[in-house]
Amino acid sequence: MAALLTVRDLSMRFGGVVALNGVGFEVARGSVTALIGPNGAGKTTVFNCLTGFYRPCGGAMRLSYADGLQVDLIEILGGPFRWRDLSSPRAFGRRLYYKMFGGAALAARAGVVRTFQNIRLFKEMTAMENLLVAQRARVNNQLLAGLLESASYRRAEAEAVERAWYWLDFFRLADDGNRLAGELPYGRQRRLEIARAMCVGPRLLCLDEPAAGLNPNETRELSEWILALRRGHGVTVCLIEHDMGLVMEISDHVVVLDHGQVIASGRPERVRDDPVVLEAYLGAPGEEGW
Amino acid sequence: MNGSGEGAHGVGRWLREAAITGGIAFLLFAPITGVTLSGYTLEGHWQRPLWLAVWVAVGRFLWSWFRARPRPSPALSRLSGAFSLWLDDHRTHLILILLLGAMILPWFIGKYWLNVAILAWIYVLLALGLNIVVGLAGLLDLGFVAFYAVGAYGYALGHQYLGLSFWAALPFGALLAACFGVMLGFPVLRMHGDYLAIVTLGFGEIIRLVINNWMSFTGGPNGVRAPFPSLFGIDFGRRAAPGHVTFHEYFNLPYSNEYRDIFFYFLLLIVVSGMVFLVRRLRRMPLGRNWEALREDEIACRALGIQPVTVKLSAFGLGAMTGGLGGVFFAASQGFVNPTSFTFMESAHILAIVILGGMGSTGGVIAAAVLLTVLPEALRDFAEYRGLLFGCAMVLMMVWRPKGLMGMRRARFRRSGVA
């Protein structure tokens with residue numbers, strides 16, 4: 001399978017702390033790829049780089065879609081100026097634009113949409129409004145069209161509402177459409193956040209610990225939903241997860257990080273039996289002298 | 001038996017607490033109010049602290065009683081629920097009735113109250129503007145008066161230097177203020193909360209100080225004249241300028257300057273109604289939703305592909321535009337502007353209106369603006385206590401109704417497929 005996302009040599013430093021050191025992996029088109037590792041291994045840092053919340057210090061991140069579209073994620077995050085930009089005003093202008101307006105919003109528009117480890121819903125807005133906000137690219141954003149309620153504006157709004165209902169139904173949230181997002185029980189907030197991410201129309205859905213705080217039943221439902229998303233909606237999923245049961249069940253490919261480096265990657269069962277991975281999680285045998 | 005015993009015990013405890021509180025109050029008030037210096041001798045007024053202490057004790061007792069009182073009965077809450085449902089169904093009717101009331105109002109109140117009403121509408125305009133910035137987009141702006149000043153001076157100076165009429169100044173002042181709003185927006189894009197509040201506060205003061213000190217251009221503390229608007233070239237003065245007609249001559253009426261105020265009142269009413277309509281539409285539009293999303297969580301907005309830069313700038317721009325409109329009307333109604341009208345207190349007043357009205361709720365903000373303009377006029381005898389009452393009202397609001405007089409009403413969505 002061709003790679004949707006190729007990450008090569010990604011590095012990130014915070015002052016003297018090296019959070020990522022030459023991380024490289026691939027996410028195949030239409031796959032479910034899990035990013036695992038002990039606490040502090042740099043998983044969320046990888047996510048923050050992918051979705052544009054951090055500007056990596058070096059390396060390459062490239063998306064290549066099935067329709068031939070190529071996106072250089074580093075460039076739209078506003079990479080550093082280069083000397084050769086001076087000779088080409090167009091390249092200079094692009095770089096300046098991305099410096100000013102680039103970052104996470106453009107990564108999301110390029111199709112990389114994420115959820116958060118600690119849920120970040122718009123708490124004082126209803127579930128429905130949360131999903132409508134996410135459909136920025138699909139509604140009519142023109143001020144005049146909205147103020148005069150032109151036909152195209154109304155059509156776009158009605159479609160957005162329909163789409164939002166579809167996703168609420170999908171995640172069994174239909175009764176909560178008009179409730180405030182902050183009032184919902186925890187499990188439903190998690191689901192609503194994934195529904196909201198789906199409303200953006202992602203090609204690469206990044207889930208940061210989607211099963212954290214869910215009970216076993218909810219986790220099982222979640223794995224079914226993730227597989228259904230992949231099957232029926234053409235989404236490639238990349239997830240960080242500590243629940244190994246979930247990871248082993250749904251992922252096609254597992255990448256193990258430790259101390260900012262990829263220590264193993266491959267099919268889940270291979271990674272599970274890899275001695276290097278066991279060592280990273282449990283410590284080297286006999287290391288502590290017991 | 002047991003219950004009544006407990007009740008008696010409760011009253012006894014309240015009395016004891018009231019007595020203790022009264023005693024402490026007496027000790028505190030005795031040196032402050034009980035002893036006065038008259039010439040070189042000290043005079044004792046033991047009744048004064050005693051009365052104050054009695055009042056405090058009574059207050060404490062009532063407070064205990066109020067706290068122990070049973071919660072409102074379910075029937076009452078059901079009634080209020082039914083009322084709010086009824087309100088939802090008849091919202092349009094209610095708005096029409098209120099609008100009608102506002103239209104016949106000027107014929108029943110005197111000249112003095114007409115001017116108060118005009119001021120109230122100007123504050124409604126300002127509060128609607130600040131509501132966009134603070135209530136919807138969640139950007140705490142303590143310098144909103146800057147845009148008010150820009151609008152007012154935009155008209156006054158535009159008239160002086162460019163010969164702008166009121167009608168030309170309306171869009172000009174609004175646009176000028178919007179430009180200033182965007183200008184302020186750029187440097188504060190990355191700021192939040194308290195830091196943003198401080199910078200906007202500084203911006204408000206900068207505008208006022210520039211106006212105050214740039215003598216050659218703005219006239220400094222002496223202010224600038226701003227003429228009253230005319231209606232299709234008809235003046236409202238007693239005598240017309242050469243080449244103009246006056247209103248009373250044109251319609252063959254005896255002269256009265258009340259026509260002028262009524263005309264101005266209706267003009268404001270139209271503009272305010274338009275603005276209310278605009279804000280209500282905006283709230284349901286993608287732009288309004290993005291403002292609220294930005295208030296709730298900026299990081300989540302970015303993760304969804306919403307560019308905070310444009311959303312913030314649009315909020316600042318549209319809010320400032322509304323404030324600028326208010327400024328133009330203020331200048332025209334006063335006939336004269338000078339920097340003392342645009343102090344920080346004015347910003348605080350507008351912010352208080354927005355908070356009192358409930359962040360984001362249009363109806364609440366209008367009600368609060370009218371209330372906070374009319375009440376101080378009605379309570380002119382208590383002018384010294386205005387600040388005190390104001391502060392008390394704010395504290396009580398924060399305790400009992402932190403979401404404002406009327407909370408924000410959220411849009412409800414129905415499925416189109418299902419009947």
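Analyst: First, the ground rule for touching: two residues are in contact if their C-beta atoms, placed from the backbone, lie within 7 Å. This is a predicted model, so local features need pLDDT of at least 70 and side-chain atom pairs count only at pLDDT 80 or more, while totals for chains, interfaces and linings use all residues. Residues are numbered from 1 along each chain as its sequence is written, with chains lettered from A and ligands numbered from 1 in the order in which they are written.

Let's start at Ala369(B). Setting aside neighbours within four places in sequence, Ala369(B) is in contact with Ala120(B), Tyr123(B), Val124(B), Ala127(B) and Ile353(B). Helices (H or I, at least four residues) and strands (E, at least two) are DSSP runs, numbered from the N terminus. As for "buried", 20 or more other C-beta atoms have to lie within 10 Å of a residue's own; 12 or fewer makes it exposed, and in between it is partly exposed.

Zooming out, chain B has 17 helices and 6 strands, and 37% of its 419 residues count as buried. Looking at contacts in chain B between residues at least 6 apart in sequence, 75% join residues at least 24 apart.

Chain B also meets chain A: 25 residues from chain B and 34 residues from chain A take part in the contact. On the chain B side, the elements giving two or more residues are α11 (258-284), α12 (286-296) and α13 (298-303), and α12(B) gives the largest share, 7 residues. The residues on that side split into 12 nonpolar, 4 polar and 9 charged. Here Ala, Val, Leu, Ile, Met, Phe, Trp, Tyr, Cys and Pro count as nonpolar, Asp, Glu, Lys and Arg as charged, and the others, Gly among them, as polar.

Over in chain A, look for an open sheet of 6 strands with mixed pairing, in the order β6-β7-β8-β3-β9-β10. Its edge strands, β6 (112-114) and β10 (261-266) of chain A, pair on one side only; pairing takes at least two DSSP bridges between two strands. Neighbouring strands here are turned by 20° against each other on average, direction ignored. Helix α1(A) packs on this sheet, touching β3, β6, β7, β8 and β9 of chain A, and its direction makes about 145° with that of β7(A). For such angles, axes are lines fitted to C-alpha atoms (for helices over the stretch in contact), and values run from 0 to 180 degrees between N-to-C directions.

Strand β8 (residues 236-240) of chain A is mostly covered, with 5 of its 5 residues buried. Thr236(A), Cys238(A) and Ile240(A) point one way, Val237(A) and Leu239(A) the other. Strand β3 (residues 32-36) of chain A runs parallel to β8(A), joined by 4 bridges, with Leu35(A) opposite Ile240(A). Strand β7 (residues 204-208) of chain A is parallel to β8(A) too, through 5 bridges, and Leu205(A) has Val237(A) as its bridge partner. From β7(A) the chain crosses through helix α9 (residues 216-233) of chain A to β8(A), and this β-α-β crossover is right-handed: with the strands pointing away from the viewer, the path from the first strand over the helix to the second runs clockwise.

Most residues other than glycine have a negative phi. Glu209(A) counts as buried because it has 20 C-beta neighbours inside 10 Å. Glu149(A), in the loop between α6 (143-147) and α7 (151-170) of chain A, has a positive phi of about 50° as well, but with 12 C-beta neighbours inside 10 Å Glu149(A) counts as exposed.
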